[in-house]
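Please keep the sequence and the coordinates in view while reading.

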Amino acid sequence: MKILKLVKNDKVICDYIEDASNFYTRFMGLMYRKSIPRDHGLLLTPCNEIHTFGMRFDIDTVAISKEGEVLFIDRAVKPNKVRKRVKGCHMVLELNSSVADELGIQVGDMLEFK
């Protein structure tokens with residue numbers, strides 16, 4: 001699996017983002033994992049809505065446009081939920097609950113994945 005770095009304002013804010021850009025990795029996502037380390041995330045591409053069925057922990061989801069703009073942040077999403085589709089969303093970043101705030105991610109921010 002390819003590992004990406006999350007960059008905001010030319011600064012790396014997270015060193016370990018799993019690239020889920022094929023059918024299998026998008027389908028599996030974070031299902032059935034007991035947890036992920038606090039400094040890890042998962043980027044689902046292409047993706048414009050998610051569910052948390054089969055998950056065992058709360059997550060933050062960050063809806064991002066094709067250009068990298070943060071469109072919506074859904075914090076502390078519980079397992080077994082379906083989240084709304086976000087207009088213009090091209091990718092979804094999944095992080096541990098409260099990590100989006102810890103990283104300073106806000107709606108309108110421009111993010112890059114390298």
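A residue is called buried when its relative accessible area is under 20%, exposed when over 50%, and partly exposed in between, using a 1.4 Å probe and protein chains only. The model is predicted: local features need pLDDT of at least 70 and side-chain atom pairs count only at pLDDT 80 or more, whereas totals for chains, interfaces and linings use all residues. Residues are numbered from 1 along each chain as its sequence is written, and side-chain values use heavy atoms, leaving out hydrogens and water.

The protein contains 2 helices and 7 strands, where helices (H or I, at least four residues) and strands (E, at least two) are DSSP runs numbered from the N terminus. Their order from the N terminus is β-β-α-β-β-β-β-α-β. The radius of gyration is 13 Å, close to the 13 Å that the globule rule gives for 114 residues, so the protein is as compact as a globular protein of that length. This radius is taken over C-alpha atoms, and the rule is 2.2 Å times the number of residues to the power 0.38. Along the principal axes, the C-alpha atoms fill a box of roughly 35 × 30 × 25 Å.

Of the 114 residues, 45% count as buried. The accessible surface comes to about 6,300 Å², with 52% of it belonging to carbon and sulfur atoms; such areas come from the Shrake-Rupley method with a 1.4 Å probe, and for residues only the protein chains shown count as cover. A contact requires heavy atoms within 4.5 Å. Among contacts between residues at least 6 apart in sequence, 64% join residues at least 24 apart.

Two strands pair if DSSP finds at least two bridges between them. Strand 1 and strand 2 are antiparallel over 5 bridges, and Val7 stands opposite Val12 in strand 2. These two strands form a hairpin with 2 residues between them, and Asn9 in the turn has a positive phi of about 55°. Asp10 lies in the loop between strand 1 (3–8) and strand 2 (11–20); its phi is near 60°, a positive value in a residue other than glycine. Asp10 counts as exposed because its relative accessibility is 72%. Strand 2 is also joined to strand 3, here in the parallel sense, by 5 bridges, and Ile17 has Gly41 of strand 3 as its bridge partner.

In the loop between strand 3 (40–44) and strand 4 lies Pro46, and the peptide bond joining Thr45 and Pro46 is cis, with omega about -15°. Strand 4 (residues 59–64) then runs antiparallel to strand 5 (residues 70–77), joined by 5 bridges. Val62 has Ile73 of strand 5 as its bridge partner. The hairpin of strand 4 and strand 5 has 5 residues between the strands, and Gly68 takes a positive phi near 100° there.

Not counting residues up to four places away in sequence, Ile64 touches several residues, including Leu71, Cys89, Met91, Leu111 and Phe113.

Asn80 has a positive phi of about 70° although it is not a glycine, and it is partly exposed because its relative accessible area is 47%.
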